[in-house]
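Subject: Structure handover

Dear colleague,

Here is the structure I said I would pass on. Please look through it before reading my notes, which follow below.

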Amino acid sequence: MTQQYVLITGGAGYIGSHCVLVLLQSGYDVLVLDNCSNTYSADEGDKPESLKRVEKLTGKTLSYVYGDFSDCQKLKNVFTRYKISCVIHCAALKSVKQSCDLPLPYYTNNVAGSLNLLQAMSECGVKSIIFSSSSSVYGNPQFLPVTEDHPTGENCANPYGRTKFMVEEILKDISLSDKEWKVYSLRYFNPVGAHPSGEIGEDPLGIPSNLMPVVSQVAVGKLKELAVYGDDYNTPDGTCVRDYIHIMDLAEGHIAAVGKLLTEKKGGIFKAYNLGTGSGVSVLQVVNTFEKVNKINIPCKVAPGRAGDIASSYCAVDLAKKELVWEAKYGLVEMCRDSWNWQSKNPKGYRK
C-alpha cells in the first residue's frame, strides 16, 4: 500500500509543530512544507529545530520540504512526489499590528500564497483541506459568545483578519463549484502555552506582538516590561478580553478534524468550527495568573490602544463538541505554567 501523508504547510511554526507532534503520536505520516520565515533553522534547507525536537519527543520521523508558496513548481513537485490524503494549511503571516503597517505582504503571502497552494492541489487531485482560519474573520463581534453563523468579513478590524476571510470565501466558492472538495475551516481564538515537556513552544522571530510570548520574555528578562495596550475598553477591568486556548488543545482539535474529514463521504462541503474554550479572559487576568502560578513579577505599563484591536472576543464551542467530538481540557493555569516552562528552559527559543 502506498504511504499516504498529511501535508502541513507552515508545520515548523508554533501551531504547526504542535499539530505535527500530535499527528505523529496518532499514527499519521506527516509531510511538512515550510520556508522557515517564522521558525529557526541552523542552515537553509536543513530540518528546523522545532521539527527535530518533535521527532525526539515522539520517537518518529517526519518528512520535510523547504519551500515557499511563491514557487508554484515546488508545490506541484511536492504533490507529484508524495501521496497526500489531505492538507492542513497553517502557513500565514499572523501579526495584527504588522498587517496594519504592512498590508501588502499579508495579502501576497496569505491570499496569493493560498491560491498557489489550492491551484497545485486542484491540478494534482488532492481536494481535502483543513484551513487554519481565525476568530478575526468575525471582526468586532455583533454578539457574544460568537457562533459559527456569526457574519464574517463585515467588520474585520485589520488586514490580517481580512486575509483569512478572503481565503475562506475562496474555499467556499471552490467547494460549491467542485463536489470533490472537502473543506474544514478551523477558526482559532488565541492559542497560548506549550508542550508540557518544555521542548517545543512559541518562538517568535523579532519582538513578539502577542500577549503570552511578551509576558514570558519579560519574565525571563529578555524584555524590560509588558505594554498593556489600552485600559479603557468596555470590559470588567478595562483591558481587552480574549478566548485563550492551550496549544495542545488546539492541536487535538486538528486531529479530531483530520479524522472526521478523511471519513467524510459527502463532497462539496465547507464547514467552519470555532476552536476555543468558550470563555473570555482579560489581559490583566492573564498577567495576574502568570505571576501567581509561576511566582514571578511582570512589570507593566499602560500604552495607547492599538489599531485593529477589539474589546472582547470569545466563542461558542458547541458545534466542535458535537461534530468533532472535541473540547478544550486545559485552563489558564496550565497555559501560564506551560508557557513559562518552555520559556525558562529555552530563554533564546530554539537558538543555542
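Arg53 counts as buried, at 15% relative accessibility; buried here means under 20% relative accessible area, exposed means over 50%, and partly exposed lies in between, with a 1.4 Å probe and protein chains only. Before going further, note that this is a predicted model, in which local features need pLDDT of at least 70 and side-chain atom pairs count only at pLDDT 80 or more, whereas totals for chains, interfaces and linings use all residues. Residues are numbered from 1 along each chain as its sequence is written, and side-chain values use heavy atoms, with hydrogens and water left out.

Arg53 sits in helix α2, residues 49-58. Helices (H or I, at least four residues) and strands (E, at least two) are DSSP runs, numbered from the N terminus. Not counting residues up to four places away in sequence, Arg53 touches Glu199, Ile200, Trp342, Asn346, Gly349 and Tyr350, where contact means heavy atoms within 4.5 Å. With Glu199 there is also a polar contact: a polar atom of the Arg53 side chain lies 2.9 Å from the backbone oxygen of Glu199. A polar contact is a pair of N or O atoms within 3.5 Å; within protein, one must be able to donate a hydrogen and the other to accept it, and residues adjacent in sequence count only if both atoms are side-chain atoms. Lys260 is 207 residues from Arg53 along the chain, and their C-alpha atoms are separated by 28 Å.

**The chain as a whole**

The chain has 11 helices and 14 strands. Its radius of gyration is 19 Å, close to the 20 Å that the globule rule gives for 352 residues, so the chain is as compact as a globular protein of that length. The radius is taken over C-alpha atoms, and the rule is 2.2 Å times the number of residues to the power 0.38. Taken along the principal axes, the C-alpha atoms fill a box of roughly 55 × 45 × 40 Å.

Of the 352 residues, 56% count as buried. Among contacts between residues at least 6 apart in sequence, 80% join residues at least 24 apart. The accessible surface comes to about 15100 Å², and 49% of it belongs to carbon and sulfur atoms; areas come from the Shrake-Rupley method with a 1.4 Å probe, and for residues only the protein chains shown count as cover.

As for charge, there are 37 positive and 37 negative side chains, and the centres of the two sets lie 4 Å apart. Lys and Arg count as positive and Asp and Glu as negative, while His and the chain ends are not counted. The place of a charge is taken as NZ of Lys, CZ of Arg, CG of Asp or CD of Glu.

**Two further helix positions**

Ser216 is in helix α7, residues 211-219, and is buried at 3% relative accessibility. Leaving aside neighbours within four places in sequence, Ser216 is in contact with Phe290, Ser339, Trp340 and Gln343.

Thr289 belongs to helix α9, residues 283-294, and is buried at 18%. Beyond four places in sequence, Thr289 touches Leu332, Val333 and Cys336.

**Loops and backbone geometry**

The peptide bond from Leu144 to Pro145 is cis, with omega near -5°. Pro145 lies in the loop between β5 (128-134) and α6 (159-177). Gly153 is found in the loop between β5 and α6 and is partly exposed, with a relative accessible area of 26%. Not counting residues up to four places away, Gly153 touches Val137 and Phe165. Gly153 and Lys164 are 11 residues apart in sequence and 9.0 Å apart, C-alpha to C-alpha.

Cys36 is not a glycine, yet has a positive phi of about 60°. Cys36 lies in the loop between β2 (29-34) and α2 and is buried, at 15%. Lys295, also a residue other than glycine with a positive phi, has a value near 55°. Lys295 is placed in the loop between α9 and β13 (300-303) and is exposed, at 73%.

Val317 is in the loop between β14 (312-313) and α10 (318-324) and counts as buried, at 18%. Setting aside residues up to four places away, Val317 touches Gly276, Thr277 and Gly278. Val317 and Lys222 are 95 residues apart along the chain, with 36 Å between their C-alpha atoms.

Regards
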